[in-house]
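Reader: Could you walk me through how to read pockets and ligand surroundings here?
Author: Gladly, let us look together.

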Amino acid sequence: MKVSLEGEKLILVPYMREHVAKYHEWMQDQALLQATASEPLTLDQEYDMQLSWTQDPFKQTFIVLDKALVVGEFVHGDPHIEAMVGDVNLYMNDLDDTQTAEIEIMIAETKSRGKGLGKEAVLMMMAFAVENFGIHVFRAKIGESNIASVGLFRRLGFEKTFQSEIFKEVTLELSVTELKREEFHRLTATVITYS
Ligand SMILES: CC(C)(COP(=O)(O)OP(=O)(O)OC[C@H]1O[C@@H](n2cnc3c(N)ncnc32)[C@H](O)[C@@H]1OP(=O)(O)O)[C@@H](O)C(=O)NCCC(=O)NCCS
């Protein structure tokens, strides 16, 4: 079993088979598909995807649980479907630059947006990636009309490095200096790790 990370407002848990049905339900929404630049998948394809994500050494994926929605005590290894609200992903797929990773966030449940969950999930994933994989540069590719997502990454200090007119997409990056490392440690000092 992979780790779970508990922050202030959320818990990041491994993407489990039990999460797939709800994830698939979310991805029926055209707006979410567009915002995340995803292709619609059948339920079977989504199960295959979940398996491939969990087996891919170049990818880390967590399901975001809204702590306010967890029923009873949190139990590591329990999917806690009642509280799942989104996901956060890291792709370490630049073979020429193993210290750079792409990061993606989705808070699919609209009732859980605007509560700081997206921001905390990205920060926790970044701290996890710095600690465990030596990542120094984070990259986010976002549709240029996605004001919420661009706003979130800018709020965290990401800066625009590229704009694709063809794909109508901006690339934002954040470099992790020693100072930022300390900042991550401070911000995530209260994170509890379950393994
Ligand atoms: C983008 C998204 C992840 C934001 O998550 P969230 O949990 O609602 O965001 P947070 O509450 O953590 O907000 C963090 C910061 O993002 C910015 N932000 C969030 N929503 C915003 C909005 N609607 N408009 C402008 N800025 C916004 C703000 O700067 C905010 O900081 P502040 O509250 O201190 O001002 C969420 O709206 C989402 O998943 N949307 C659909 C999928 C998607 O677009 N994913 C990104 C694909 S690249």
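Reader: By class, how many nonpolar, polar and charged residues does the lining of the second largest pocket have?

Author: For the classes, Ala, Val, Leu, Ile, Met, Phe, Trp, Tyr, Cys and Pro count as nonpolar, Asp, Glu, Lys and Arg as charged, and the others, Gly among them, as polar. Here the lining of the second largest pocket has 5 nonpolar, 4 polar and 4 charged residues. A word on the source: this is a predicted model, where local features need pLDDT of at least 70 and side-chain atom pairs count only at pLDDT 80 or more, while totals for chains, interfaces and linings use all residues. Residues are numbered from 1 along each chain as its sequence is written, and side-chain values use heavy atoms, with hydrogens and water left out.

Reader: Which residues lie nearest the centre of the second largest pocket?

Author: On a 1 Å grid over the protein atoms alone, a pocket is an open set of points with protein on both sides within 12 Å along at least five of seven lines, whereas a cavity is a set where a 1.4 Å probe fits but cannot get out; lining residues have an atom within 4 Å of a point. In this case E8, K119, E120, L123 and L187 lie nearest the centre, out of 13 lining residues. The pocket holds about 210 Å³ of space, a volume being the space filled by probe spheres set on the points, which are joined across faces, edges and corners. Helix α4 gives the most to this lining, with 4 residues; helices (H or I, at least four residues) and strands (E, at least two) are DSSP runs, numbered from the N terminus.

Reader: What volume does the largest pocket have, and which element gives the most to its lining?

Author: Its volume is about 1,300 Å³. The lining counts 46 residues, with A35, T36, I105, M106 and N146 nearest the centre. Strand β5 gives the most, 6 residues. By class, this lining has 21 nonpolar, 12 polar and 13 charged residues.

Reader: Where does the ligand sit?

Author: A molecule sits in a pocket if more than half of its atoms lie within 2 Å of the pocket's grid points. Here the ligand sits in the largest pocket.

Reader: Which side chain has an N or O atom 2.8 Å from an oxygen atom of the ligand?

Author: A polar contact is a pair of N or O atoms within 3.5 Å; within protein, one must be able to donate a hydrogen and the other to accept it, and residues adjacent in sequence count only if both atoms are side-chain atoms. The side chain in question belongs to R155. From the backbone, an N or O atom of G114 lies 2.8 Å from a ligand oxygen, and a polar backbone atom of L152 is 3.3 Å from one. The protein covers 73% of the 920 Å² of accessible area that the ligand has on its own (Shrake-Rupley method, 1.4 Å probe; for residues, only the protein chains shown count as cover).
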